[in-house]
Amino acid sequence: MRAVVIRRLGGPEVLEIENLDPSEPGPGQAVVEVAAAGLNFIDTYQRGGLYPVEIPFIPGLEGAGTVTAVGPDVTKVKVGDRVAWGTVAGSYAEQATLPAARLVPVPDHLASDEAAALMLQGLTAHYLAVDTYPLGPESSCLIHAGAGGVGLLLTQIAKRLGATVYTTVGTAAKAELSKAAGADHVIVYTEEDFAERVTEIGGPRPLDVIYDGVGKATVPTGLGLLRPFGLMVAFGNASGAVDPVDPLDLSTNGSLFLTRPTLFHHVADREALLARCDDLFGWADDGLGIRIGARFPLEAAADAHRALEGRVTTGKVLIEP
């Protein structure tokens, strides 16, 4: 079985292909033939050491495929089932041995590569819009990286919930993708100051919530765009970890709230995972667009990481065995 194995922390060059012996499923486990693995920024954080993991390890927290074997006590899935997952490691491989309780049945209307592209980023977009700050017709939000995987899905979900959506993107081509997803106001941050443009469009402090997966480069400026009691949601670190925020900055900017949520807490039990997937899969059947922006073979996983970190990708990047 071919798999990408990380035996030392560092840049994309530490992603190396190895031939491993296939594993047998233990209690509570299932073996899945991987059709596609999703690439996410968290993979780069683990690879580089920002998020500590025990090495060696096979990266990739998201994927989809077909069950080929199950442990003797497994009842939630069976051999032949198409399944997807979004919170367990080991996806950069031809086969993955995974906890059966974390596997979600893929409906017939959804292709396996689409399911792989939807799981981690779709679940993230779901909890951000439905729970972290529940959006509605009176809501006004800013979504950074609007043409990325989370950004495109979150924009569509926000519009389904009736919100006014501002997004930031890096190029004119990405702006078109963000507009097509339904964004009301798209700002190309490489051509104009996003804070000045948001204020020009909406007036002083027009935002109820900012969904910020960029991190270091944008969070401090964003505080000045939120209305009193507004919420800054820092859910990623694409530009680097956010510098410490002085609580007085929250006070002087209008008694703001700051949160740093993570998907894992929002799908900690199987019932919560299935409920969110039911929404996502239903929306996908009702027109939610799933953009697969690039596909890389397993041997080119390092190139996939370089493309993601170089901000040249849009939508979802898949790594396919």
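## Thr155 in helix H3

In this predicted model, Thr155 is found in helix H3 (residues 149-160); helices (H or I, at least four residues) and strands (E, at least two) are DSSP runs, numbered from the N terminus. Thr155 counts as buried because its relative accessibility is 0%, where buried means under 20% relative accessible area (1.4 Å probe, protein chains only).

The side chain of Thr155 reaches the backbone oxygen of Gly151 at 2.7 Å. Leaving aside residues up to four places away in sequence, Thr155 touches Ile143, Gly146, Val165, Thr167, Ser178, Ala181, Gly182 and Ala183, a contact being heavy atoms within 4.5 Å.

## Nonpolar cores

A nonpolar core is a set of buried Ala, Val, Leu, Ile, Met, Phe, Trp, Tyr and Cys residues joined through side-chain atoms within 4.5 Å. The largest one has 52 residues, and Leu135 and Tyr211 have the most contacts inside it. Helix H2 (residues 112-132) supplies the largest share of this core, eleven residues. Apart from it lies another core, of 18 residues, among them Leu298 and Ala300.

## Parallel strands

Strands E11 (residues 207-212) and E12 (residues 226-234) run parallel and are joined by five bridges; two strands pair if DSSP finds at least two bridges between them. Ile210 stands opposite Met232 in E12. The bridge partner of Met232 in E13 is Leu258.

## Basis of the values

Residues are numbered from 1 along each chain as its sequence is written, and side-chain values use heavy atoms, with hydrogens and water left out. Local features need pLDDT of at least 70 and side-chain atom pairs count only at pLDDT 80 or more, while totals for chains, interfaces and linings use all residues.

Definitions and conventions. Buried < 20%, exposed > 50% of the residue type's maximum accessible area, 1.4 Å probe, protein only. Polar contact = N/O pair within 3.5 Å; in protein donor to acceptor, adjacent residues only side chain to side chain.
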